[in-house]
Amino acid sequence: MKIASEVHMYGLIGEKLGHSYSVLIHQLLTNHAYQYELIELSQDSLGSFLERKSFEGLNVTIPYKKTVIPFLKGISPEAEKIGSVNTILSKPEGLFGYNTDYAGFLYMAKRAGVHFSGKKVLIMGTGGTSAAVCAAVKDHGARDIIVVSRSGQVNYQNLDVHHDSQIIINTTPVGMYPHNGETLIDLEDFPDCEGVLDVIYNPLYTNLVLQAREKKLAFGGGLVMLTAQAKYASDLFLNQKADDSIIDVTVEQMIHRIQNIVFIGMPGCGKSTIGKAIAELTGRKFIDTDIEIVHRAGKEISKIFSDDGESVFRRFERDVIQEKGKENSLVISTGGGAVLDKKNRMALRQNGKVIFLERNVDALSMEGRPLSINQAGLSQMYQYRLPFYEDCCDERVINDHLIDITIQEIMQKLEKK
């Protein structure tokens, strides 16, 4: 993280940027065409930094999209209409502001298959991004636009009157890392909902988006919007218009780099062995949740079961999965029963591509596994858990072959778009 007192060519300004993906996105979009840095600024230092003009171009994020406007010589018509700026160019005559969130949001909606014409749209949040989203939704024919805030006329205590909302959009930071899993609403309360869009990009899928995905609604996560608005900002920086196809290419590159690879399946199906091999091949750190539990408990899993009971083991397991599921670029091997807990399934899916590793029940190892008592019990356990594995996974791979064949198949699935 650079300090704001240094000279910068291009960069992102905001209050807290420790987990931003913007540097990597701009590098991928432009093939390192310019230097791009993260610039954390306090409220008190924002004005003096802008007045120094020690940059050629900036992106602006929370909480400064409206705050920067008084420091600008002029703003584009779309930024003026929206009342929010997320891109600044330094010109000889002064600083000029633009808004690429508008176009970035519309790209996300189009990619997700979400349409606004004639729809009742509920928008959570009132910040700079919300202003761009409101303008985009209005311009594209929304029938009604309901803006929700914590203390406004429409708030989270009286949303029941808007249960007929058809499109729901989150522009708040609720659910963003490190507060993964937090949500403002439950989609069960909106039976007419057809699509959900969430501007949060970390995690890749918030619980709101995961719920929409589970209900088979149209959905979009914030990484697409983040990448699209960055592309339109880079066009301004470089005074060019690159083809929009670079957006999807960059999104796929980002997902390939930051997504976790998660293995689920019965005890003894080979999750740890396969996981270690995949971690080495993909350059990721390997996490075995059972090993993490042993470290935290200070005793073997069999002893946790015998001394404390399965419920204590499951509490350890939930804590580990909630923590590791927030991280990026990991290979995670889970315990066989981890997916029985819905919170675990959500935590694993938020940043993960989940692979159900299958093996013939007769071939499953039972050594050192407290719940794998005999073959009949193992078969019964498998039948009970199978729907949970199927519900949680993105891919299924049979591990009844030579390990090299299984690894090759997994790598092919990981490289598949």
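**Exercise 1. The surroundings of helix α10**

Task: In this predicted model, determine which elements the buried residues of α10 pack against, and describe both ends of the helix.

Solution. 
Step 1. Helix α10 comprises residues 289-297, and within α10 the residues Thr289, Glu292, Ile293 and Val294 are buried.
Step 2. The packing partners of these buried residues are β13 (285-288), α11 (301-308), α12 and β14 (330-333).
Step 3. At the start of the helix, the backbone nitrogen of Asp290 has a side-chain oxygen of Asp288 within 2.9 Å.
Step 4. Just after α10, the phi angle of Gly298 is positive, at about 75°.

**Exercise 2. The packing of α10 with α12**

Task: Specify the geometry of the pair α10 and α12, then list the residues that meet and sort them by class.

Solution. 
Step 1. Two packed helices are described by the angle between their axes and by the distance between those axes.
Step 2. For α10 and α12 (residues 310-325), the angle is about 115° and the axes are 9 Å apart.
Step 3. The crossing of α10 with α12 is right-handed.
Step 4. From α10, the residues Thr289, Asp290, Glu292, Ile293, Arg296 and Ala297 take part; from α12, they meet Phe313, Phe316, Glu317, Asp319, Val320, Ile321, Glu323 and Lys324.
Step 5. Sorted by class, the contact of α10 with α12 contains six nonpolar, one polar and seven charged residues.

**Exercise 3. The packing of α7 with α8**

Task: Classify the orientation of α7 relative to α8, and give the class composition of their contact.

Solution. 
Step 1. Helix α7 (residues 222-238) packs with helix α8 (residues 245-258) at an angle of about 130°, and their axes lie 9 Å apart.
Step 2. The arrangement of α7 relative to α8 is therefore oblique.
Step 3. The handedness of the crossing between α7 and α8 is right-handed.
Step 4. On the α7 side, Leu223, Val224, Thr227, Ala228, Lys231 and Tyr232 meet Ile246, Ile247, Thr250, Val251, Met254 and Ile255 of α8.
Step 5. The contact of α7 with α8 consists of nine nonpolar, two polar and one charged residues.

**Exercise 4. Thr206 and Asn207**

Task: Decide whether Thr206 is buried or exposed, do likewise for Asn207, and identify the polar partners of their side chains.

Solution. 
Step 1. Thr206 is located in the loop between β10 (195-198) and α6, whereas Asn207 belongs to helix α6 (residues 207-214).
Step 2. The cut-off for burial is a relative accessible area under 20%. Thr206, at 4%, is therefore buried, and Asn207, at 18%, is buried as well.
Step 3. Beyond four places in sequence, Thr206 touches Gly175, Asp198 and Ile200; with the same exclusion, Asn207 is in contact with Gly181, Thr183 and Met346.
Step 4. The side chains of Thr206 and Asp198 form a polar contact at 2.8 Å. For Asn207, a polar side-chain atom lies 3.4 Å from the backbone oxygen of Gly181.
Step 5. Thr206 and Tyr177 are 29 residues apart in sequence, with a C-alpha to C-alpha distance of 9.5 Å.

**Exercise 5. Val154**

Task: Locate Val154 and list its contacts beyond four places in sequence.

Solution. 
Step 1. Val154 occupies the loop between β8 (144-148) and β9 (167-170).
Step 2. Its contacts are Ile146, Val147, Val148, Ser149, Leu159 and His162.
Step 3. Val154 and Ser165 are separated by 11 residues in sequence and by 13 Å in space, C-alpha to C-alpha.

Note on methods:
Residues are numbered from 1 along each chain as its sequence is written. This is a predicted model: local features need pLDDT of at least 70, side-chain atom pairs count only at pLDDT 80 or more; totals for chains, interfaces and linings use all residues. Side-chain values use heavy atoms; hydrogens and water are left out. Helices (H or I, at least four residues) and strands (E, at least two) are DSSP runs, numbered from the N terminus. Buried means under 20% relative accessible area, exposed over 50%, partly exposed in between (1.4 Å probe, protein chains only). A polar contact is a pair of N or O atoms within 3.5 Å; within protein, one must be able to donate a hydrogen and the other to accept it, and residues adjacent in sequence count only if both atoms are side-chain atoms. Contact means heavy atoms within 4.5 Å. Axes are lines fitted to C-alpha atoms, for helices over the stretch in contact, and angles run from 0 to 180 degrees between N-to-C directions. Angles under 35 degrees count as roughly parallel, over 145 as roughly antiparallel, 65 to 115 as roughly perpendicular and the rest as oblique. A crossing is left-handed if the near helix is turned anticlockwise from the far one by less than a right angle, and right-handed if clockwise. Ala, Val, Leu, Ile, Met, Phe, Trp, Tyr, Cys and Pro count as nonpolar, Asp, Glu, Lys and Arg as charged, and the others, Gly among them, as polar.
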